[in-house]
Amino acid sequence: MKTREDWTLSLRMLWAHPLESLLLVLGLAIAIGATTSGLAMVEKARVDGDALLQLPEYREIVVSSRESSDQMTTPVVLTQDETVTLSIDDLEAAQLSPDIEFAYLAERTRLRFNTSDINFAPPDAPPETSDTNSNPNSAAADVSTENAAFNERPPLEFATVEGPQPQLDEVSGYSVTTDYFPAMNLTIADGSLFTEADLLQGNKVVVLGAELAKTLFADGENLNRQLASFTNIYTIIGTLQPTGTTLDAMVFMPSRLAQDNTGALAFRGPGGGNNTTLHFAVNDASKLNAAAEQLSSWFDTTYGVGNTATSVPRSAVEQAIDRKEKTALMTLILALAGLLIANVNVSNILYSRAIRRRKQVGILMALGASRRHIFNLFLGESGVVVSLGALAGMAIAFGFSVLLMQSGTDGALPVYAIVLGMLAAAGIALLFTLVPAVYAARIPPAVAIRVE
Amino acid sequence: MIRLENIAKKYDLGGTNVSALDDISFTIEQGEFVAIMGPSGSGKSTLMNILGILDNASSGAYFLEGHNITSLPDKEQARIRNRHFGFIFQSFNLFPELSAIENVMLPMSYAGIGFAERKQRAAELLDRVELSHRMTHLPTMLSGGEQQRVAIARALSNQPNLILADEPTGNLPTDKGQEILDILTELHRSGTTIVMVTHNDAQGDMAQRVINIQDGLLHSEVRR
Ligand SMILES: Nc1ncnc2c1ncn2[C@@H]1O[C@H](COP(=O)(O)OP(=O)(O)O)[C@@H](O)[C@H]1O
Ligand SMILES: [Mg+2]
């Protein structure tokens with residue numbers, strides 16, 4: 001145990017060599033800061049990756065007809081040459097594997113409200129809910145077809161409703177079939193979800209995400225209220241429990257089904273085209289690839305090899321996460337190399353300091369200090385240096401975290417990881433200072449006392 | 001109080017054995033004032049270090065109050081140095097970072113004496129060596145004589161049975177050295193056992209007994 005006089009002695013000695021002490025602290029601060037940041041980045045990559053993979057959409061297998069996937073890359077849209085049209089009946093393929101728990105359609109959609117009493121033509125946009133399928137070409141094609149259709153129509157009566165109007169001009173969301181809700185872990189909070197019957201009858205009903213439910217109407221009331229888009233009137237039949245995801249701000253409506261040329265019920269996509277994308281979800285992510293294999297071979301057999309594409313979004317995400325984790329790990333390894341160098345340096349400086357102070361050690365022992373006491377004395381001193389360095393290092397890591405946060409997408413480093421990383425780095429640094437402390441404790445007092 | 005039996009100290013200097021002390025035996029009684037004299041390099045400091053268990057003898061036995069303390073664990077040795085011995089060095093050896101009073105308090109802190117009490121005792125000790133006006137001064141602000149008086153106060157802080165002084169006046173002008181000797185004489189009179197190394201015959205005359213060392217051997221022992 002160090003006595004008060006020991007501490008006075010230690011601190012005044014540190015203070016007596018301000019530049020040396022400052023360099024010690026600074027070197028440690030940078031090395032500990034880098035190590036702490038590196039560790040926190042590794043942890044963040046891991047936690048973020050885990051959270052991402054927990055998302056229900058990464059238990060999905062997506063099957064689409066070939067054209068729609070080709071459209072992603074080819075500039076020419078060959079909608080006339082569709083050889084394959086996937087229909088809602090193809091969702092039955094889910095029966096192939098017991099691991100496939102849900103099968104559904106899910107298309108991005110947008111609902112624009114006509115909140116005005118006066119009927120006027122909306123600007124350039126098509127008057128109906130418009131699809132925002134990630135395909136720019138098809139969207140362009142849709143607009144032209146819709147506009148053409150629009151121009152041919154007689155003067156329109158836009159749908160309106162009396163009573164409270166939504167506070168938003170438009171909301172985005174999904175047109176889905178019933179399995180979508182359990183697959184995305186969406187559960188009803190108030191009212192009810194739409195049913196198979198709603199789907200088949202083409203009922204104009206919507207379900208609101210939890211956030212949207214709070215903000216859509218000024219009074220927060222939603223159930224059985226009506227929403228006017230420019231061509232339809234939708235009835236709100238339910239609101240969802242919050243999920244903490246972007247889905248909370250979205251609206252969900254039944255997929256619009258229409259008979260295709262073979263008579264099967266297909267999704268009526270933008271411009272009257274048929275839906276080409278089916279979603280299957282497994283309950284256990286480890287079964288994804290096997291289930292995807294089964295689906296792929298079934299669709300190949302049914303529609304011909306190359307006419308459908310089966311993809312597992314999780315794979316791409318896993319790769320991205322893996323890349324991110326490896327980058328973070330690399331950063332950590334570099335930081336650890338820096339920490340090692342800094343520690344060797346600190347150990348060296350403290351060692352030469354102990355040599356310079358041999359005489360002091362001898363006198364302390366003459367006055368009654370045991371070797372253990374001398375050891376503690378030196379360790380206490382390096383403890384002060386390491387603590388200051390660790391605190392400054394932690395400040396550096398927090399600064400880095402703030403920079404990351406300000407730079408946008410990535411978000412801050414987890415605080416617990418910074419604190420634990422700092423403790424670990426400081427612990428390593430302290431281990432290195434054991435060397436000079438052991439040296440000091442082994443100085444023979446009779447020899448030390450003779451030093452002039 | 002102290003009995004040395006056939007103490008020898010050899011240094012191994014790269015293969016050749018240098019004998020710093022050989023076959024030293026003597027006793028020191030409670031309350032004695034013993035002077036150790038001898039030419040430079042004869043082994044006086046080596047003997048003092050062994051007496052103060054700062055150094056271990058190569059062979060022989062050391063009895064303190066009848067207990068054989070020749071080889072004790074480090075912690076015990078530290079305890080004995082702290083509670084029973086007071087060291088005074090030629091070059092004062094105060095800690096330049098600590099004030100006079102803090103220097104005196106330090107050994108008491110190792111003895112586990114509470115802060116308030118050791119502060120009060122340190123003040124009394126500094127008063128006893130007539131330095132109450134210098135208590136908060138750093139050693140660099142004190143003269144050599146003053147520093148040595150602080151060192152004496154520090155040596156006395158745990159009320160030692162034995163004061164070991166290795167040429168305590170060696171770095172001081174004669175008049176200042178005399179002040180130190182006066183304090184030691186005063187201490188001796190009040191019952192403290194003192195062993196002092198000196199080159200100075202006049203100082204040796206103040207002691208009750210002079211142990212003369214030459215080439216590591218006990219040359220003569222003169223009692224007065
Ligand atoms: N650590 C050591 N290693 C080798 N020789 C030493 C050591 N310490 C002292 N000596 C030798 O022991 C002898 C006695 O030294 P010392 O006790 O200091 O003499 P004195 O104090 O009488 O001048 C000297 O020859 C000195 O060189
Ligand atoms: Mg000497």
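**Exercise 1. Find the handedness with which helix 9 of chain A passes helix 13 of chain A, then describe how the two pack.**

Step 1. In this predicted model, helix 9 of chain A passes helix 13 of chain A in a right-handed crossing. A crossing is right-handed if the near helix is turned clockwise from the far one by less than a right angle, and left-handed if anticlockwise. Helices (H or I, at least four residues) are DSSP runs, numbered from the N terminus, as are strands (E, at least two).

Step 2. Two packed helices are described by the angle between their axes and the distance between the axes. Here helix 9 (residues 313-356) and helix 13 (residues 434-441) of chain A pack at about 15°, their axes 8 Å apart. Axes are lines fitted to C-alpha atoms, for helices over the stretch in contact, and angles run from 0 to 180 degrees between N-to-C directions.

Step 3. The angle therefore makes helix 9 of chain A roughly parallel to helix 13 of chain A (angles under 35 degrees count as roughly parallel, over 145 as roughly antiparallel, 65 to 115 as roughly perpendicular and the rest as oblique).

Step 4. From helix 9 of chain A, A:S347, A:L350, A:Y351, A:A354 and A:I355 meet A:V435, A:P436, A:Y439 and A:A440 of helix 13 of chain A. Contact means heavy atoms within 4.5 Å. The residues of this contact divide into eight nonpolar, one polar and no charged (Ala, Val, Leu, Ile, Met, Phe, Trp, Tyr, Cys and Pro count as nonpolar, Asp, Glu, Lys and Arg as charged, and the others, Gly among them, as polar).

**Exercise 2. Work out whether B:L184 is buried or exposed, and list its contacts.**

Step 1. Look in helix 6 (residues 174-189) of chain B, where B:L184 sits.

Step 2. B:L184 has 0% relative accessibility, so B:L184 counts as buried (under 20% relative accessible area; exposed is over 50%, partly exposed in between, with a 1.4 Å probe and protein chains only).

Step 3. Setting aside neighbours within four places in sequence, B:L184 is in contact with B:I88, B:I163, B:P168, B:I194 and B:M196.

**Exercise 3. Now do likewise for B:K10.**

Step 1. B:K10 belongs to strand 1 (residues 2-13) of chain B.

Step 2. With a relative accessible area of 39%, B:K10 is partly exposed.

Step 3. Beyond neighbours within four places in sequence, B:K10 is in contact with B:N17, B:V18, B:S19 and B:S58.

**Notes**

Residues are numbered from 1 along each chain as its sequence is written, and chains are lettered from A and ligands numbered from 1 in the order in which they are written. Local features need pLDDT of at least 70, side-chain atom pairs count only at pLDDT 80 or more, totals for chains, interfaces and linings use all residues, and side-chain values use heavy atoms, leaving out hydrogens and water.
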